[in-house]
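Open the model in your viewer and keep the selection tool handy.

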Amino acid sequence: MGSHGNDNLESSVKIPTIKFTKLFVNGEFVDSISGFNLSLSLCDRSISMFLLVCHVDKEDVDLAVNAARHAFDDGPWPRMPGSERAKRMMKFADLIDQNVEELAALDTLDAGKLFSMGKAVDIPSSADTLRYYAGAADKIHGDVLKMSREFHAYTLHEPIGVVGHIIPWNFPTTLFFLKVSPALAAGCTMIVKPAEQTPLSALYYAHLAKLAGIPDGVLNVVTGFGPTAGAAICSHMDIDAVSFTGSTEVGRIVMKAAAESNLKVVSLELGGKSPLIIFDDADVDMAAQLALIGILYNKGEICVASSRVYVQEGIYDKLVKKLVEMAKAWVVGDPFDPKVQQGPQVDKEQFDKILTYIEHGKREGATLLTGGKPLALGGKGYYVEPTIFAEVKEDMLIAKDEIFGPVLALAKFKTIDEAIKRANSTRYGLAAGIVTKDLDVANTVSRSLRAGTIWINCYFAFGNDCPFGGYKMSGFGKDSGLEALHKYLQVKSVVTPLYNSPWL
């Protein structure tokens, strides 16, 4: 059930020495005030590795916020021309490109992500995200307004201030830069809290930011747990905005803390249970490939995974047969092996959660077509077989809940209206996919689905210029695109009277 890579791989990948494990505050790596460390379990091919990383408390967050506040209120970053911010951001991007291999290895060690994908996609595309927003840094401007009385008015777009970014473990680099890049371009200062499972690349990026000339206090990185470090950020009276990516449950806590403190601006990118709807006229090979990649990419640890696949009855049997064949040939193993397509789940907690949902699926009457078990590769590692359930109903837990693993729920449908209704029968609304050759069907369905991103005859088609964010309980606020830049700006209206003007 899912083939696996060489357990005794002799890889040429050099595991980097871990250089940065302390907090980064006001341009320096420092120990936490408490002296506490968190134990970080690393994904390694041959041995269990543990690393101690600084664990912050509220007092450490206070220091980081003070540094960011001073850098915003009195420092050069918000006051320098946008073109100068852009130059430093471009240099930051170049430094990332010069360290791709080491950075990709850190995310593989931390999260079990494929090294080949990190090197080819995650790290280079994040450097490009920086460059995209660097290009916007000197193009931030308001409007001149036509007042109905004798006044002259215009708007200013000003940086919102000190921002707290809380990022998850599944895409440590990508999400770091989706949040940090537009905030830097806007002229904000910030505190970044990476997930406790994946802090290593964030600390390395803080080091590179300093080398690139980002002033001290502008970018601070604090490592620690959500209930301590994350909670301190969300409830801090001197943070002006918080941007969070993670679960819907924690999103509620973030919003409540913001409301009960200083009513800071909140943006949330939360869970998903994204449907992929495949119509009878679809190319079966292409549709099967999209469906498989949609659930198995990054071992299913992706918020927009196509975890619910609805297939029209005319091609259902043919497509399911193809999908199962492909899933059985999927290569699971050492994420440093270039032949491997799926590495281990991020940690034991996530591994156990996925296996529990698989048992729910069996118990609730879904048909297990392939997978469903852990893979013991060399007796260690949190590997799960690519798993496909059929005859899944909307009231089953595997159809309702975000599993965040390689578990696909399949169902058959007859009509367009049925497909739309079933696809929308979820509390989430992050993304959806449609596979059809009929433009009318594509137009009707894309406008009927309650989700923030709709992919037609493609999936995971992200881009720096394409806004990304959810409907319903998948959150609000956009990452990517110029909408993300505006999230870190606030609009000020300035009005002056006109005396003896020949025209208004």
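## Starting at Ile278

Select Ile278 and show its surroundings: leaving aside residues up to four places away in sequence, Ile278 touches Ala287, Ala291, Val309, Tyr310, Val311, Gln312, Ile315, Leu319, Phe413 and Val435. A second, separate core has 27 residues, including Val56, Ala68, Ile233 and Ala258. Keep in mind throughout that this is a predicted model.

Now widen the view to the largest nonpolar core, which has 112 residues. Ile278 is among those with the most contacts inside this core, together with Phe92, Ile96, Phe176 and Leu184. Helix H5 (residues 172–186) gives the largest share of this core, nine residues. In soluble globular proteins, nonpolar side chains tend to be buried together.

From first C-alpha to last, H5 reaches 22 Å, close to the 21 Å expected at 1.5 Å a residue. Then click on Gly187, which follows H5 and has a positive phi, near 95°.

Next, select helix H4 (residues 115–134), whose 20 residues reach 27 Å from the first C-alpha to the last, close to the expected 28 Å. Which residues of H4 are buried? They are Phe115, Gly118, Asp122, Ile123, Ser126, Ala127, Thr129, Leu130, Tyr133 and Ala134.

Switch to a cartoon and pick out the open sheet of seven strands, in the order E16-E19-E20-E14-E13-E21-E22 with mixed pairing. Its edge strands, E16 (367–370) and E22 (453–456), each pair on one side only. On average, neighbouring strands of this sheet are turned by 25° against each other, direction ignored.

Zoom in on E21 (residues 431–435), which runs parallel to E22 and is joined to E22 by four bridges. Ile434 stands opposite Ile456 in E22.

Now bring in two helices. Helix H11 (residues 348–363) lies across E16, E19 (387–390) and E20 (407–413), at about 25° to E19. Helix H13 (residues 416–423) lies across E13 (275–278), E14 (308–312) and E20, at about 150° to E20.

## Last stop: Lys400

Finish at Lys400, in helix H12 (residues 397–400). Lys400 is partly exposed, with a relative accessible area of 36%. Beyond residues up to four places away in sequence, Lys400 touches Lys273, Glu394, Asp395, Arg427 and Tyr428.

Definitions and conventions
Residues are numbered from 1 along each chain as its sequence is written. This is a predicted model: local features need pLDDT of at least 70, side-chain atom pairs count only at pLDDT 80 or more; totals for chains, interfaces and linings use all residues. Side-chain values use heavy atoms; hydrogens and water are left out. A nonpolar core is a set of buried Ala, Val, Leu, Ile, Met, Phe, Trp, Tyr and Cys residues joined through side-chain atoms within 4.5 Å. Buried means under 20% relative accessible area, exposed over 50%, partly exposed in between (1.4 Å probe, protein chains only). Contact means heavy atoms within 4.5 Å. The expected span of a helix is 1.5 Å times one less than its number of residues. Two strands pair if DSSP finds at least two bridges between them. Axes are lines fitted to C-alpha atoms, for helices over the stretch in contact, and angles run from 0 to 180 degrees between N-to-C directions.
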